[in-house]
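Biologist: I would like to learn how to read strands, helices and backbone angles in a model like this one. Could you take me through it?

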Number of protein chains: 4
Amino acid sequence: MMSIGVIGYGYWGPNLVRNFAELPNVRVGMVADLRPERLAPVSDRYPGIAVTTDIGALLTAPRLDAVAIATPVYTHFELAMQALRAGKHVLVTKPLAATVADAERLVDEAVRRQLVLMVDHTFIYTGAVRKIRELIDAGRLGQLYYYDSVRVNLGLFQHDVNVLWDLAAHDLSIMDYVLGRTPHAVAATGVAHVAGQVESMAYLTCFFEDRFLAHFHVNWLAPVKIRRTMIGGAAQMIVYDDLEPSEKLKVYDRGVTLNGNDESIYRALVGYRTGDMWAPQVDLTEALHIEAAHFVRCIEDATPPLTDGAAGLRVVRLLAAATESLNAHGRPVDPRTLAPSV
Amino acid sequence: MMSIGVIGYGYWGPNLVRNFAELPNVRVGMVADLRPERLAPVSDRYPGIAVTTDIGALLTAPRLDAVAIATPVYTHFELAMQALRAGKHVLVTKPLAATVADAERLVDEAVRRQLVLMVDHTFIYTGAVRKIRELIDAGRLGQLYYYDSVRVNLGLFQHDVNVLWDLAAHDLSIMDYVLGRTPHAVAATGVAHVAGQVESMAYLTCFFEDRFLAHFHVNWLAPVKIRRTMIGGAAQMIVYDDLEPSEKLKVYDRGVTLNGNDESIYRALVGYRTGDMWAPQVDLTEALHIEAAHFVRCIEDATPPLTDGAAGLRVVRLLAAATESLNAHGRPVDPRTLAPSV
Amino acid sequence: MMSIGVIGYGYWGPNLVRNFAELPNVRVGMVADLRPERLAPVSDRYPGIAVTTDIGALLTAPRLDAVAIATPVYTHFELAMQALRAGKHVLVTKPLAATVADAERLVDEAVRRQLVLMVDHTFIYTGAVRKIRELIDAGRLGQLYYYDSVRVNLGLFQHDVNVLWDLAAHDLSIMDYVLGRTPHAVAATGVAHVAGQVESMAYLTCFFEDRFLAHFHVNWLAPVKIRRTMIGGAAQMIVYDDLEPSEKLKVYDRGVTLNGNDESIYRALVGYRTGDMWAPQVDLTEALHIEAAHFVRCIEDATPPLTDGAAGLRVVRLLAAATESLNAHGRPVDPRTLAPSV
Amino acid sequence: MMSIGVIGYGYWGPNLVRNFAELPNVRVGMVADLRPERLAPVSDRYPGIAVTTDIGALLTAPRLDAVAIATPVYTHFELAMQALRAGKHVLVTKPLAATVADAERLVDEAVRRQLVLMVDHTFIYTGAVRKIRELIDAGRLGQLYYYDSVRVNLGLFQHDVNVLWDLAAHDLSIMDYVLGRTPHAVAATGVAHVAGQVESMAYLTCFFEDRFLAHFHVNWLAPVKIRRTMIGGAAQMIVYDDLEPSEKLKVYDRGVTLNGNDESIYRALVGYRTGDMWAPQVDLTEALHIEAAHFVRCIEDATPPLTDGAAGLRVVRLLAAATESLNAHGRPVDPRTLAPSV
């Protein structure tokens, strides 16, 4: 019976507790939160779980095998590092850390201690995203043209991170997973609509080899909620709409055909091919349930998780580069070096 | 009875001929197209209209008061200039010309000769766009935060201009009309997916004073058709979806409220206000019908049209600056000077 | 070169004229309408077409091979009969006639004179409806469970016929075509919301053998426009939404599975099977274009059209039975005998 | 501190327990279910709640003030009657009972004992339905024309009641609440698609005075989920779509205007008035939370609940009449007398 401690019982913590509590052979041993009023509902609902406002006590509790961290981003590094040093396996909500250096140190520490370090990139565990990767891996889309994502709605302002670190973190983790490629430059633009606050809307472009382009629109100030990703390929195109209750994924047999070999700019015959649309059924199991089970399994088998520290680091690198670009008025930045890309 | 000649009978020319033909006190006197096979249906449908493959003959025909030009962009300047020099009033499809210099010369020529020069920025004559301007002018949206536009679909490739000059020309003319402001910098990114062809998808950002931002996504290679503009304001927000058959405009009583006066970055209380949505009925009259009548009226009254040469020039300036930025890997360009903006 | 005359130039007549005029080897020889003001636009647009307010003149014009009738329903019989007697092939807008007896006499007359009698059941010539029939014929849906259709919107009131004869005529012709079966009873309910007017909304149920049921909701007083047909089968189910611009047809791999053989009412295990959805591409050619060409072809080849007089008669029989049921407060009526069905 | 017992911990029972548990000054004292495996999760989640498979023990437990019953319909009467006789206030899931006689006896018993008898007509406690009633009560819709409701999806088969008792019970309770009128006749048609099972789809029509008509389509075998009610009035019309995440209610300023006074059937000028659409914000609080609090308040104040036994009885009367009509091949039945209506 594995025992897991959860730090942070605000918005996301209750979901972690519930999902771990539902797993067989796992128990949630302790929940910690600095705010005592947050702990009351834990005791009400789960009288078997110990609660504490002393986070250090949780981090060093000998009977806990693993720790899940659901706290503000700026605390991730400190808490995760302490947990690793105490010999705990660690699951941390996204993004992994607030800086590339911190993320790198966590990855190194986990490797050195042979502990599982996993990032809660929740969408990777949805049926829809797994199906997209399957389609791309099978070559169904043909040569990839672009990746376009819109994730906008009204609220919630995350006061310690801007909208990129809050919303684009999801999309970058999805892109990282389904494409398996890293851009050589990113460029971002954003606006802080409330004076003295972080950016509440942003546009981010990622540049890859082969003219492939990814673009992200994230916005906390949109009147309507949109969660839509389009992936264009030469053979097929995908529209992934996470708000669709059942048909989240639509695969279009549409594209461009070059007719003839006259490439002169005014006469090339570009034909449009339209065809059937197909909405494959996707597994609608709650992603966090699958993710929690995966975390436990990786600990048991000593195997790296799908969303390991390295994946978390890649996303942090992109976010850090995007932030640097944003501060430099959209100048492209190479996420591999975090130096301006010219 | 005013007489109008139409040059170009491809995709858009038939709409011009039909709408002018339906106006009282106006006749379409002549249609010209280089391709004789395009002229056959004109004669079939409108035996009263003279047709010719000699465009020069149309431009100098003494009985024509005005000329409407619906030809590829690179021909606009030459044809419009000849028409003005022949003393004709001119309506030219968007964009006005292929370069800023050409657009400026057309504007100057029209002023000098006291002729009406109008650009066919069709959307300005829709009920939806006029209603948006009305709402903004009345201050209903409060302080403006952003303008976000998506115009994507599959096809048609315009081989002589890239996707910005084809699709974003519409959105820039709408933005110019409803905001009445000019950005101090634009930045664009795009990709030519078919080798040797013009860019088939692009992202364009316009930067204004007061942190206001406008962003445009145009794409000829999208699997689905989207025509959606969001305009965010402190008091209200608009979603304009041109594909909605009747409720094209939705006005949301939603926004952000700053509570309290603690502006420290981690504690400011930003509240979200949600409220009713309202879809005002908009005039669904065909825009080109209203536009054709407006052109005739402006000639009769010697008044400048809503979409005069100056409006056309402003849009061309933005497109030229966007293209320069696109070629400079997204470097911001000042459309007023067309010099890189730092 | 076949020559066709068109009677009635109100809402639908212009579409008939335009589509016949676009066919090769066919000319529209004459257009008749009692209202001279309707004929003016014909002459403007098609100066080669003779116009007349004397319908008799058109019906007997020796150079016309065929006549298309687009007039109010109560005139169909008289005009079509005269045309047949004058030796013309006839295309008449739906429904074929105002009574079963009239429809029967038209069918007989056409047979006797070996002339083509075709009803303008336009939807039969759409790609979507032809694809539905193809799927049903191929047995893709398995045993059929139900046919449910909603055709509602605001207006237009047809003052000479009620909403069943106006709107349900479309749906009954589609059902007749895709199922190829005739109900043994129909029951209808409706309301005339405007005093002294015909029914403006109605519900119609058709009863078939094997517990198969078809149901129709037609309404001139709905705030929104809906055009949606669901066809449920044991293996697959279809949703046909005519308002969808491109994905008009969706085929769902969903249904019911009986598990085990315990049929006791409280314990039978009924399982639901969900699966992929597939939206086959359908031909989006204007239906009336295909229909007009089909009419001409049937005349040339002396073959019966897809929507011949017999099909028109079947639909009139259903409408007459529905009206009888409506007047008898929903009592089921057998359309084959038009007697109350018990 | 009021104490409540809950009988039945299947699909709906957990929602009752959770919502009562969250109320201040209320405790869930006991949960009973015949199936011991259903009780395990109660103890896991709420260790303070006593559990039992002996329903009689719960019904007579002296410390329980009230009982909530979430069991199959055929058990409602027996359980509710025993609870009332034991002096408990009763909340019973819809429909109140399986027969009119049983429902009447429950109402009588509650009155005689001065106990609160409430039916769980959940939708009455949603913000959307309360807003609809508010609009109708304020006369905003003008004269009412029709009420049209569609509630269809795939599954779940309720084996002890047919689809009317399962799904239409919701819609009839909503109609009863927003209209406050009772039909003088109902007619229903339905089909049992699985041999030996109850009806899985049905159409139900309710006839009122003044030509007002209500119609319901319920179906367990539809490929897509639809929850849409249209209410047509002379002045305004409502579309209520429960699947819309935020804009559940749309009010259309559309209708019919009679122009002039010529009422002759072929010439009356019926004009269509189109206007703005308005989506009022509705309270999105979980309905069951409001309902649970209302039940407690009614007990404390000894006032009748909004959905009291009388409301439950009216719905059962309509369902019983509908079933009688369904068995009589759609013959109209008067729900007030349950005799055939001629």
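This is a predicted model: local features need pLDDT of at least 70, side-chain atom pairs count only at pLDDT 80 or more; totals for chains, interfaces and linings use all residues.

**Strands, helices and backbone angles**

Modeller: Let us start with a pair of strands: β8 (residues 185–191) of chain B pairs with β9(B) in the antiparallel sense, over 7 bridges. Residues are numbered from 1 along each chain as its sequence is written, and chains are lettered from A and ligands numbered from 1 in the order in which they are written.

Biologist: Which residue stands opposite Cys206(B) of β9(B)?

Modeller: That is Val186(B). β9(B) is also joined to β10 (residues 213–219) of chain B by 7 bridges, and these two run antiparallel. There, Thr205(B) has His215(B) as its bridge partner. β9(B) and β10(B) form a hairpin with 5 residues between them, and Asp210(B) in the turn has a positive phi of about 60°.

Biologist: How many residues of β9(B) are buried?

Modeller: A residue is buried if 20 or more other C-beta atoms, placed from the backbone, lie within 10 Å of its own, exposed if 12 or fewer, and partly exposed in between. In β9 (residues 201–207) of chain B, 7 of its 7 residues are buried. Both faces are covered, with Met201(B), Tyr203(B), Thr205(B) and Phe207(B) on one side and Ala202(B), Leu204(B) and Cys206(B) on the other.

Biologist: What is the strand order of the open sheet in chain C?

Modeller: Strands of a sheet pair through backbone hydrogen bonds, either parallel or antiparallel. In chain C, 6 strands follow the order β3-β2-β1-β4-β5-β6, and the pairing is parallel. The edge strands are β3 (50–52) and β6 (117–120) of chain C, each pairing on one side only. β2 (residues 26–32) of chain C is joined to β3(C) by 3 bridges, and Val31(C) has Val51(C) as its bridge partner.

Biologist: At what angle do α1 and α8 of chain D pack?

Modeller: Axes are lines fitted to C-alpha atoms, for helices over the stretch in contact, and angles run from 0 to 180 degrees between N-to-C directions. α1 (residues 13–21) and α8 (residues 287–301) of chain D pack at about 65°, with axes 9 Å apart. Residues are in contact if their C-beta atoms, placed from the backbone, lie within 7 Å; here Asn15(D), Asn19(D) and Phe20(D) of α1(D) meet Leu288(D), His289(D) and Ala292(D) of α8(D).

Biologist: Is Asn25(C) buried or exposed?

Modeller: Asn25(C) counts as exposed because 8 other C-beta atoms lie within 10 Å. Asn25(C) is found in the loop between α1 (13–21) and β2 of chain C, and has a positive phi of about 65° although it is not a glycine. Asp210(C) is exposed too, with 10 other C-beta atoms within 10 Å, and its phi is near 60°.

Biologist: Where in chain A is Pro95(A)?

Modeller: Pro95(A) is in the loop between β5 (89–93) and α5 (100–113) of chain A. The peptide bond from Lys94(A) to Pro95(A) is cis, with omega near -10°. In chain C, the bond from Lys94(C) to Pro95(C) is cis as well, with omega near -10°.

Technical notes
Helices (H or I, at least four residues) and strands (E, at least two) are DSSP runs, numbered from the N terminus. Two residues are in contact if their C-beta atoms, placed from the backbone, lie within 7 Å. Two strands pair if DSSP finds at least two bridges between them.
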